[in-house]
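Keep the structure open as you read.

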Amino acid sequence: MLRNRVIPVVLLDGYSVVKTIRFKERRNLGSPITVARIYNRRNVDELMLLDIDASKNGDKIDEMTVEEVASECFMPLSVGGGLQNCADIANILSKGADKVVLNTSALKSLSFVKEAADMFGSQCIVASVDVLKKADNYTVFSHSGVPVNFGLIDWINKLEEAGIGELVINSVDNDGVMCGYDYELITLVSNIVSVPIIALGGVQEPTDAVNGVKAGASAIAAASIFHFTDYTPNDLKLAMNEANIPVRL
Amino acid sequence: MIGLIDVGTGNTNSVYRVLRFLGCKAKLCSEPSQLMNCNKLIFPGVGGFAEVSGRLIQTKMKEAIKQLVINEKSPFLGICLGMQLMAEKGHEGGLNKGLGLIDAEVKKLAVPTSEFRLPHIGWNDVYFQESKLFKNISNGSCFYFVHSYAMTIREQPKDKEISIATSDYGNTFIAGFEKDNLFGVQFHPEKSQQVGIQLLKNYIEI
(Lines give C-alpha, C1' and ligand atoms only; values in the text may rest on other atoms or scores of the structure.)
Protein backbone atom coordinates (compact mmCIF):
# COMPACT_ATOMS: atom_id res chain seq x y z
CA MET A 1 0.00 0.00 0.00
CA LEU A 2 1.32 3.41 -1.02
CA ARG A 3 2.69 5.55 1.81
CA ASN A 4 2.02 9.26 2.16
CA ARG A 5 5.19 11.27 1.82
CA VAL A 6 6.78 14.04 3.86
CA ILE A 7 8.96 16.19 1.63
CA PRO A 8 11.33 18.82 3.04
CA VAL A 9 11.67 21.76 0.68
CA VAL A 10 14.96 23.61 0.37
CA LEU A 11 14.65 27.06 -1.17
CA LEU A 12 17.68 28.64 -2.82
CA ASP A 13 18.47 32.11 -4.04
CA GLY A 14 21.36 31.32 -6.31
CA TYR A 15 23.74 29.56 -3.96
CA SER A 16 22.35 29.91 -0.45
CA VAL A 17 19.44 28.35 1.32
CA VAL A 18 16.80 30.91 2.25
CA LYS A 19 13.42 30.92 3.89
CA THR A 20 10.72 33.42 3.10
CA ILE A 21 7.68 34.73 4.92
CA ARG A 22 4.69 35.34 2.69
CA PHE A 23 7.15 35.44 -0.23
CA LYS A 24 8.66 38.67 1.14
CA GLU A 25 11.05 38.69 4.13
CA ARG A 26 13.97 36.35 3.82
CA ARG A 27 16.36 34.65 6.17
CA ASN A 28 19.63 33.18 4.91
CA LEU A 29 20.31 29.67 6.14
CA GLY A 30 23.64 28.71 4.66
CA SER A 31 24.82 25.99 2.34
CA PRO A 32 22.44 23.70 0.45
CA ILE A 33 24.77 20.74 0.67
CA THR A 34 24.88 20.98 4.48
CA VAL A 35 21.09 21.14 4.67
CA ALA A 36 20.74 18.26 2.21
CA ARG A 37 23.17 16.12 4.22
CA ILE A 38 21.08 16.50 7.35
CA TYR A 39 17.94 15.48 5.49
CA ASN A 40 19.78 12.55 3.96
CA ARG A 41 20.84 11.36 7.42
CA ARG A 42 17.22 11.61 8.47
CA ASN A 43 16.28 9.26 5.64
CA VAL A 44 13.56 11.53 4.25
CA ASP A 45 11.09 10.28 1.63
CA GLU A 46 12.08 12.86 -0.95
CA LEU A 47 13.76 16.24 -1.21
CA MET A 48 12.65 19.27 -3.20
CA LEU A 49 15.22 21.89 -4.20
CA LEU A 50 13.83 25.14 -5.62
CA ASP A 51 15.66 28.27 -6.73
CA ILE A 52 13.04 30.91 -6.09
CA ASP A 53 14.85 33.75 -7.88
CA ALA A 54 16.09 31.96 -10.97
CA SER A 55 13.14 32.77 -13.24
CA LYS A 56 12.91 36.35 -12.03
CA ASN A 57 16.60 36.89 -12.81
CA GLY A 58 16.57 34.99 -16.08
CA ASP A 59 18.80 32.29 -14.53
CA LYS A 60 18.50 28.57 -13.94
CA ILE A 61 18.98 26.63 -10.73
CA ASP A 62 22.71 26.06 -10.25
CA GLU A 63 23.56 22.68 -11.74
CA MET A 64 26.63 22.14 -9.61
CA THR A 65 24.53 22.51 -6.50
CA VAL A 66 22.11 19.93 -7.87
CA GLU A 67 24.99 17.62 -8.76
CA GLU A 68 26.52 17.96 -5.32
CA VAL A 69 23.26 17.33 -3.50
CA ALA A 70 22.46 14.36 -5.75
CA SER A 71 25.90 12.85 -5.20
CA GLU A 72 25.23 12.50 -1.49
CA CYS A 73 21.54 11.71 -1.44
CA PHE A 74 20.32 8.38 -2.77
CA MET A 75 16.70 9.47 -2.51
CA PRO A 76 14.25 11.08 -4.90
CA LEU A 77 15.11 14.65 -5.77
CA SER A 78 12.78 17.18 -7.38
CA VAL A 79 14.40 20.29 -8.70
CA GLY A 80 13.04 23.60 -9.95
CA GLY A 81 14.09 27.14 -10.79
CA GLY A 82 14.26 28.75 -14.20
CA LEU A 83 13.96 25.57 -16.29
CA GLN A 84 12.74 26.85 -19.65
CA ASN A 85 12.97 24.07 -22.21
CA CYS A 86 13.51 20.37 -22.71
CA ALA A 87 17.27 20.75 -23.00
CA ASP A 88 17.28 22.34 -19.53
CA ILE A 89 15.29 19.42 -18.20
CA ALA A 90 17.49 16.79 -19.82
CA ASN A 91 20.53 18.57 -18.43
CA ILE A 92 19.29 18.82 -14.87
CA LEU A 93 18.12 15.18 -14.91
CA SER A 94 21.59 14.18 -16.01
CA LYS A 95 22.97 16.02 -12.98
CA GLY A 96 20.91 13.85 -10.67
CA ALA A 97 17.42 15.28 -10.47
CA ASP A 98 14.58 12.79 -10.80
CA LYS A 99 11.71 15.18 -11.31
CA VAL A 100 11.54 18.79 -12.38
CA VAL A 101 9.31 21.47 -10.91
CA LEU A 102 7.88 24.00 -13.36
CA ASN A 103 6.19 27.24 -12.35
CA THR A 104 7.09 30.32 -14.40
CA SER A 105 7.85 28.38 -17.57
CA ALA A 106 4.43 26.73 -17.36
CA LEU A 107 2.76 30.15 -17.06
CA LYS A 108 4.68 31.27 -20.13
CA SER A 109 3.87 28.20 -22.19
CA LEU A 110 1.52 25.28 -21.56
CA SER A 111 2.76 23.65 -24.75
CA PHE A 112 6.21 23.42 -23.15
CA VAL A 113 4.65 21.46 -20.28
CA LYS A 114 3.06 19.08 -22.77
CA GLU A 115 6.28 18.70 -24.73
CA ALA A 116 8.19 17.95 -21.54
CA ALA A 117 5.60 15.42 -20.35
CA ASP A 118 5.71 13.63 -23.70
CA MET A 119 9.48 13.50 -23.77
CA PHE A 120 10.28 12.71 -20.15
CA GLY A 121 7.03 11.11 -19.02
CA SER A 122 4.35 12.74 -16.87
CA GLN A 123 5.84 11.21 -13.76
CA CYS A 124 8.88 13.43 -14.19
CA ILE A 125 6.97 16.72 -14.48
CA VAL A 126 5.76 18.51 -11.35
CA ALA A 127 3.88 21.79 -11.68
CA SER A 128 4.05 24.26 -8.83
CA VAL A 129 1.32 26.85 -8.37
CA ASP A 130 1.62 29.73 -5.90
CA VAL A 131 -1.75 30.83 -4.62
CA LEU A 132 -2.66 34.21 -3.15
CA LYS A 133 -6.02 35.03 -1.62
CA LYS A 134 -7.48 38.30 -2.90
CA ALA A 135 -10.73 39.39 -1.30
CA ASP A 136 -11.81 35.83 -0.56
CA ASN A 137 -10.82 34.54 -4.00
CA TYR A 138 -7.91 32.22 -4.62
CA THR A 139 -5.72 33.58 -7.41
CA VAL A 140 -2.60 32.33 -9.12
CA PHE A 141 0.44 34.39 -8.14
CA SER A 142 3.61 34.83 -10.16
CA HIS A 143 6.67 35.80 -8.13
CA SER A 144 8.62 36.42 -11.29
CA GLY A 145 5.96 38.78 -12.61
CA VAL A 146 4.71 36.74 -15.57
CA PRO A 147 1.17 37.72 -16.60
CA VAL A 148 -1.35 35.20 -15.32
CA ASN A 149 -4.21 34.69 -17.73
CA PHE A 150 -6.23 32.12 -15.82
CA GLY A 151 -8.12 31.73 -12.60
CA LEU A 152 -6.84 29.04 -10.23
CA ILE A 153 -9.33 26.34 -11.17
CA ASP A 154 -8.89 26.89 -14.87
CA TRP A 155 -5.11 26.89 -14.49
CA ILE A 156 -4.83 23.63 -12.59
CA ASN A 157 -7.21 21.96 -15.05
CA LYS A 158 -5.04 23.11 -17.94
CA LEU A 159 -1.89 21.86 -16.22
CA GLU A 160 -3.45 18.46 -15.74
CA GLU A 161 -4.54 18.36 -19.39
CA ALA A 162 -0.98 19.21 -20.42
CA GLY A 163 0.18 16.03 -18.70
CA ILE A 164 1.77 16.95 -15.37
CA GLY A 165 2.41 14.10 -12.95
CA GLU A 166 2.08 16.00 -9.66
CA LEU A 167 0.90 19.37 -8.46
CA VAL A 168 2.50 21.45 -5.71
CA ILE A 169 -0.01 23.87 -4.22
CA ASN A 170 1.80 26.59 -2.34
CA SER A 171 -0.09 29.12 -0.24
CA VAL A 172 1.62 32.51 -0.40
CA ASP A 173 -0.46 33.79 2.54
CA ASN A 174 0.62 30.91 4.78
CA ASP A 175 4.21 30.79 3.55
CA GLY A 176 6.66 30.86 6.43
CA VAL A 177 4.17 31.91 9.09
CA MET A 178 3.72 28.46 10.56
CA CYS A 179 0.03 28.83 11.36
CA GLY A 180 -1.11 25.66 9.66
CA TYR A 181 -2.07 24.86 6.10
CA ASP A 182 -4.84 26.55 4.15
CA TYR A 183 -6.99 23.42 4.34
CA GLU A 184 -9.80 24.86 2.25
CA LEU A 185 -7.35 25.41 -0.59
CA ILE A 186 -6.00 21.86 -0.40
CA THR A 187 -9.51 20.39 -0.45
CA LEU A 188 -10.61 22.64 -3.30
CA VAL A 189 -7.66 21.65 -5.48
CA SER A 190 -7.72 17.94 -4.61
CA ASN A 191 -11.37 17.74 -5.63
CA ILE A 192 -10.58 19.18 -9.03
CA VAL A 193 -7.43 17.44 -10.26
CA SER A 194 -6.73 13.73 -10.26
CA VAL A 195 -2.93 13.81 -9.96
CA PRO A 196 -1.20 13.60 -6.56
CA ILE A 197 -1.20 16.90 -4.66
CA ILE A 198 1.80 18.10 -2.67
CA ALA A 199 0.68 20.69 -0.13
CA LEU A 200 3.12 23.46 0.82
CA GLY A 201 2.88 26.55 3.00
CA GLY A 202 2.19 26.91 6.70
CA VAL A 203 3.04 23.63 8.42
CA GLN A 204 3.55 24.44 12.10
CA GLU A 205 3.35 21.11 13.90
CA PRO A 206 2.80 17.39 13.25
CA THR A 207 -1.01 17.58 13.38
CA ASP A 208 -0.90 19.88 10.34
CA ALA A 209 0.55 16.96 8.37
CA VAL A 210 -2.31 14.72 9.53
CA ASN A 211 -4.91 17.34 8.63
CA GLY A 212 -3.22 18.08 5.32
CA VAL A 213 -3.64 14.46 4.22
CA LYS A 214 -7.24 14.40 5.50
CA ALA A 215 -7.89 17.56 3.45
CA GLY A 216 -6.72 15.77 0.30
CA ALA A 217 -2.93 16.04 0.06
CA SER A 218 -0.98 12.99 -1.11
CA ALA A 219 2.24 14.46 0.21
CA ILE A 220 3.19 16.99 2.86
CA ALA A 221 5.87 19.53 1.95
CA ALA A 222 7.39 21.94 4.44
CA ALA A 223 10.42 24.08 5.08
CA SER A 224 10.14 26.49 8.02
CA ILE A 225 9.12 23.86 10.54
CA PHE A 226 12.28 21.90 9.80
CA HIS A 227 14.57 24.96 9.69
CA PHE A 228 13.28 26.78 12.76
CA THR A 229 11.79 24.25 15.15
CA ASP A 230 12.94 20.98 16.67
CA TYR A 231 10.42 18.95 14.68
CA THR A 232 11.91 16.54 12.17
CA PRO A 233 10.19 14.95 9.15
CA ASN A 234 9.94 11.78 11.22
CA ASP A 235 7.92 13.59 13.90
CA LEU A 236 5.35 14.43 11.25
CA LYS A 237 5.29 10.81 10.08
CA LEU A 238 4.86 9.51 13.62
CA ALA A 239 1.79 11.72 14.03
CA MET A 240 0.47 10.52 10.66
CA ASN A 241 1.05 6.93 11.69
CA GLU A 242 -0.87 7.49 14.93
CA ALA A 243 -3.74 8.75 12.83
CA ASN A 244 -3.64 5.56 10.72
CA ILE A 245 -2.22 7.32 7.69
CA PRO A 246 0.21 4.94 5.93
CA VAL A 247 3.76 6.28 6.10
CA ARG A 248 7.25 4.86 5.78
CA LEU A 249 8.91 4.76 9.17
CA MET B 1 32.18 -3.43 -16.60
CA ILE B 2 28.50 -2.51 -16.35
CA GLY B 3 27.03 -0.70 -19.31
CA LEU B 4 24.41 1.92 -18.42
CA ILE B 5 22.19 2.46 -21.41
CA ASP B 6 21.81 6.18 -22.02
CA VAL B 7 19.29 7.49 -24.53
CA GLY B 8 19.43 11.08 -23.32
CA THR B 9 16.26 11.33 -21.28
CA GLY B 10 17.20 9.35 -18.23
CA ASN B 11 18.66 9.77 -14.80
CA THR B 12 21.58 7.53 -15.72
CA ASN B 13 23.85 9.45 -13.39
CA SER B 14 21.80 8.47 -10.36
CA VAL B 15 22.41 4.79 -11.04
CA TYR B 16 26.02 5.51 -11.99
CA ARG B 17 26.59 7.19 -8.62
CA VAL B 18 25.27 4.23 -6.66
CA LEU B 19 27.44 1.85 -8.65
CA ARG B 20 30.48 4.00 -7.99
CA PHE B 21 29.53 4.13 -4.31
CA LEU B 22 29.52 0.32 -4.37
CA GLY B 23 32.96 0.30 -5.98
CA CYS B 24 31.74 -1.04 -9.28
CA LYS B 25 33.07 -0.09 -12.73
CA ALA B 26 30.39 1.33 -14.98
CA LYS B 27 30.09 3.49 -18.04
CA LEU B 28 27.37 5.30 -19.91
CA CYS B 29 26.60 3.78 -23.33
CA SER B 30 24.70 5.82 -25.89
CA GLU B 31 25.83 3.93 -28.97
CA PRO B 32 26.42 0.26 -29.86
CA SER B 33 30.23 0.41 -29.99
CA GLN B 34 30.28 1.49 -26.35
CA LEU B 35 28.59 -1.75 -25.30
CA MET B 36 31.51 -3.87 -26.47
CA ASN B 37 33.40 -4.54 -23.26
CA CYS B 38 30.35 -4.57 -21.00
CA ASN B 39 29.48 -7.88 -19.39
CA LYS B 40 26.31 -6.66 -17.69
CA LEU B 41 23.76 -4.04 -18.66
CA ILE B 42 21.45 -1.72 -16.76
CA PHE B 43 18.76 0.30 -18.45
CA PRO B 44 17.69 3.11 -16.09
CA GLY B 45 14.41 4.42 -17.26
CA VAL B 46 13.03 7.88 -17.23
CA GLY B 47 11.00 9.12 -20.14
CA GLY B 48 7.99 8.23 -22.19
CA PHE B 49 7.71 4.73 -23.74
CA ALA B 50 7.07 6.09 -27.24
CA GLU B 51 9.94 8.57 -27.15
CA VAL B 52 12.53 6.17 -25.74
CA SER B 53 11.40 3.31 -27.97
CA GLY B 54 12.07 5.59 -30.94
CA ARG B 55 15.50 6.58 -29.64
CA LEU B 56 16.52 2.96 -29.14
CA ILE B 57 15.83 2.32 -32.80
CA GLN B 58 17.41 5.54 -34.09
CA THR B 59 20.65 4.95 -32.19
CA LYS B 60 20.72 1.27 -33.28
CA MET B 61 20.96 0.41 -29.59
CA LYS B 62 17.91 -1.85 -29.86
CA GLU B 63 19.66 -4.41 -32.05
CA ALA B 64 22.95 -4.16 -30.18
CA ILE B 65 21.22 -4.80 -26.83
CA LYS B 66 19.26 -7.76 -28.18
CA GLN B 67 22.42 -9.30 -29.59
CA LEU B 68 24.20 -9.09 -26.22
CA VAL B 69 21.25 -10.22 -24.15
CA ILE B 70 19.80 -12.96 -26.35
CA ASN B 71 22.92 -14.36 -28.00
CA GLU B 72 25.52 -13.76 -25.36
CA LYS B 73 23.21 -14.06 -22.38
CA SER B 74 24.58 -10.91 -20.74
CA PRO B 75 22.60 -10.08 -17.61
CA PHE B 76 20.23 -7.18 -18.21
CA LEU B 77 18.45 -5.12 -15.53
CA GLY B 78 15.68 -2.77 -16.64
CA ILE B 79 14.59 -0.09 -14.17
CA CYS B 80 11.14 1.52 -14.35
CA LEU B 81 10.70 2.49 -18.02
CA GLY B 82 13.78 0.33 -18.64
CA MET B 83 11.84 -2.69 -17.36
CA GLN B 84 8.76 -1.72 -19.36
CA LEU B 85 10.80 -1.50 -22.54
CA MET B 86 11.78 -5.15 -22.14
CA ALA B 87 8.21 -5.99 -23.16
CA GLU B 88 6.88 -6.67 -26.64
CA LYS B 89 4.87 -3.48 -26.71
CA GLY B 90 3.65 -0.53 -24.69
CA HIS B 91 0.56 1.65 -24.83
CA GLU B 92 1.98 4.94 -23.51
CA GLY B 93 1.93 7.64 -26.17
CA GLY B 94 0.34 5.30 -28.71
CA LEU B 95 1.20 1.66 -29.40
CA ASN B 96 4.95 1.17 -29.69
CA LYS B 97 7.33 -1.75 -29.76
CA GLY B 98 9.66 -2.52 -26.89
CA LEU B 99 12.79 -4.64 -26.97
CA GLY B 100 10.70 -7.83 -27.03
CA LEU B 101 12.87 -9.63 -24.47
CA ILE B 102 9.85 -10.94 -22.61
CA ASP B 103 6.31 -11.80 -23.67
CA ALA B 104 4.60 -8.91 -21.94
CA GLU B 105 2.69 -5.75 -22.60
CA VAL B 106 2.72 -2.38 -20.85
CA LYS B 107 -0.56 -0.72 -20.00
CA LYS B 108 -1.81 2.04 -17.75
CA LEU B 109 -2.12 0.97 -14.10
CA ALA B 110 -5.67 -0.19 -13.38
CA VAL B 111 -6.93 1.44 -10.20
CA PRO B 112 -10.31 0.76 -8.55
CA THR B 113 -11.32 4.32 -7.58
CA SER B 114 -10.15 7.90 -8.13
CA GLU B 115 -8.86 7.84 -4.58
CA PHE B 116 -5.89 6.09 -6.16
CA ARG B 117 -4.29 9.00 -7.98
CA LEU B 118 -2.02 8.47 -10.95
CA PRO B 119 0.93 8.54 -11.40
CA HIS B 120 1.67 6.08 -8.60
CA ILE B 121 4.31 8.09 -6.77
CA GLY B 122 5.99 7.29 -3.49
CA TRP B 123 7.14 4.42 -1.32
CA ASN B 124 5.26 1.14 -1.50
CA ASP B 125 5.90 -2.37 -0.21
CA VAL B 126 7.19 -5.05 -2.55
CA TYR B 127 6.65 -8.79 -2.14
CA PHE B 128 8.89 -11.21 -3.99
CA GLN B 129 9.29 -14.92 -4.58
CA GLU B 130 12.63 -16.72 -4.58
CA SER B 131 14.98 -14.15 -6.01
CA LYS B 132 18.59 -13.22 -6.72
CA LEU B 133 17.85 -9.49 -6.76
CA PHE B 134 16.15 -9.40 -3.37
CA LYS B 135 18.75 -11.34 -1.37
CA ASN B 136 19.23 -9.94 2.14
CA ILE B 137 16.17 -7.72 1.75
CA SER B 138 13.10 -8.25 3.95
CA ASN B 139 10.02 -9.29 2.06
CA GLY B 140 7.60 -6.37 2.09
CA SER B 141 10.29 -3.65 2.14
CA CYS B 142 9.32 -0.28 0.70
CA PHE B 143 10.82 0.92 -2.56
CA TYR B 144 10.27 4.19 -4.43
CA PHE B 145 7.87 4.12 -7.36
CA VAL B 146 7.08 6.84 -9.86
CA HIS B 147 5.02 5.58 -12.81
CA SER B 148 1.59 5.41 -14.39
CA TYR B 149 2.12 2.29 -16.49
CA ALA B 150 2.93 -1.28 -15.53
CA MET B 151 3.80 -4.57 -17.18
CA THR B 152 1.44 -7.50 -17.62
CA ILE B 153 3.37 -10.68 -18.30
CA ARG B 154 1.78 -13.22 -20.62
CA GLU B 155 4.34 -15.99 -20.18
CA GLN B 156 3.08 -18.60 -17.80
CA PRO B 157 5.51 -19.28 -14.94
CA LYS B 158 6.69 -22.81 -15.74
CA ASP B 159 8.87 -24.71 -13.33
CA LYS B 160 9.73 -21.52 -11.54
CA GLU B 161 11.35 -20.13 -14.71
CA ILE B 162 10.00 -16.70 -13.97
CA SER B 163 10.06 -15.15 -10.52
CA ILE B 164 7.63 -12.26 -9.98
CA ALA B 165 7.62 -9.45 -7.44
CA THR B 166 4.40 -7.56 -6.78
CA SER B 167 3.10 -4.46 -5.09
CA ASP B 168 -0.39 -3.15 -4.46
CA TYR B 169 -2.02 0.10 -5.50
CA GLY B 170 -5.69 -0.67 -5.31
CA ASN B 171 -4.90 -3.72 -7.41
CA THR B 172 -1.85 -5.94 -7.44
CA PHE B 173 0.65 -5.07 -10.13
CA ILE B 174 4.04 -6.39 -11.21
CA ALA B 175 6.85 -4.66 -9.36
CA GLY B 176 9.63 -6.83 -10.74
CA PHE B 177 10.58 -10.06 -12.46
CA GLU B 178 13.55 -12.37 -13.01
CA LYS B 179 13.98 -14.88 -15.82
CA ASP B 180 17.40 -16.36 -16.65
CA ASN B 181 19.63 -13.37 -17.40
CA LEU B 182 16.72 -10.93 -17.55
CA PHE B 183 15.82 -8.76 -14.55
CA GLY B 184 13.35 -5.94 -14.27
CA VAL B 185 12.15 -3.68 -11.46
CA GLN B 186 9.33 -1.16 -11.77
CA PHE B 187 10.59 0.87 -8.80
CA HIS B 188 13.82 2.89 -8.61
CA PRO B 189 16.45 1.07 -6.54
CA GLU B 190 18.87 3.98 -7.03
CA LYS B 191 16.37 6.16 -5.18
CA SER B 192 15.32 3.67 -2.54
CA GLN B 193 18.10 4.28 -0.05
CA GLN B 194 19.39 1.22 1.85
CA VAL B 195 17.18 -1.47 0.32
CA GLY B 196 17.75 -0.07 -3.15
CA ILE B 197 21.50 -0.02 -2.71
CA GLN B 198 21.36 -3.64 -1.48
CA LEU B 199 19.39 -4.65 -4.56
CA LEU B 200 21.91 -3.06 -6.92
CA LYS B 201 24.70 -4.70 -4.94
CA ASN B 202 22.96 -8.03 -5.45
CA TYR B 203 22.77 -7.41 -9.20
CA ILE B 204 26.45 -6.52 -9.39
CA GLU B 205 27.28 -9.80 -7.63
CA ILE B 206 25.21 -12.03 -9.91
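A salt bridge here is a side-chain nitrogen of Lys or Arg within 4 Å of a carboxyl oxygen of Asp or Glu. By that rule, chain B and chain A share two salt bridges. One of them pairs the side chains of A:Arg3 and B:Asp125, at 2.8 Å from N to O.

Some ground rules: this is a predicted model, where local features need pLDDT of at least 70 and side-chain atom pairs count only at pLDDT 80 or more, while totals for chains, interfaces and linings use all residues. Residues are numbered from 1 along each chain as its sequence is written, chains are lettered from A in the order in which they are written, and side-chain values use heavy atoms, with hydrogens and water left out.

Now the rest of the interface. Counting contact as heavy atoms within 4.5 Å, 36 residues of chain B touch 39 residues of chain A. About 2900 Å² is buried between the two, 53% of it from carbon and sulfur atoms; that's the accessible area (1.4 Å probe) lost on putting the two parts together, summed over both.

And the cysteines? B:Cys38 is buried at 6% relative accessible area, whereas A:Cys179 is exposed at 60% (buried is under 20%, exposed over 50%, partly exposed in between, with a 1.4 Å probe and protein chains only).
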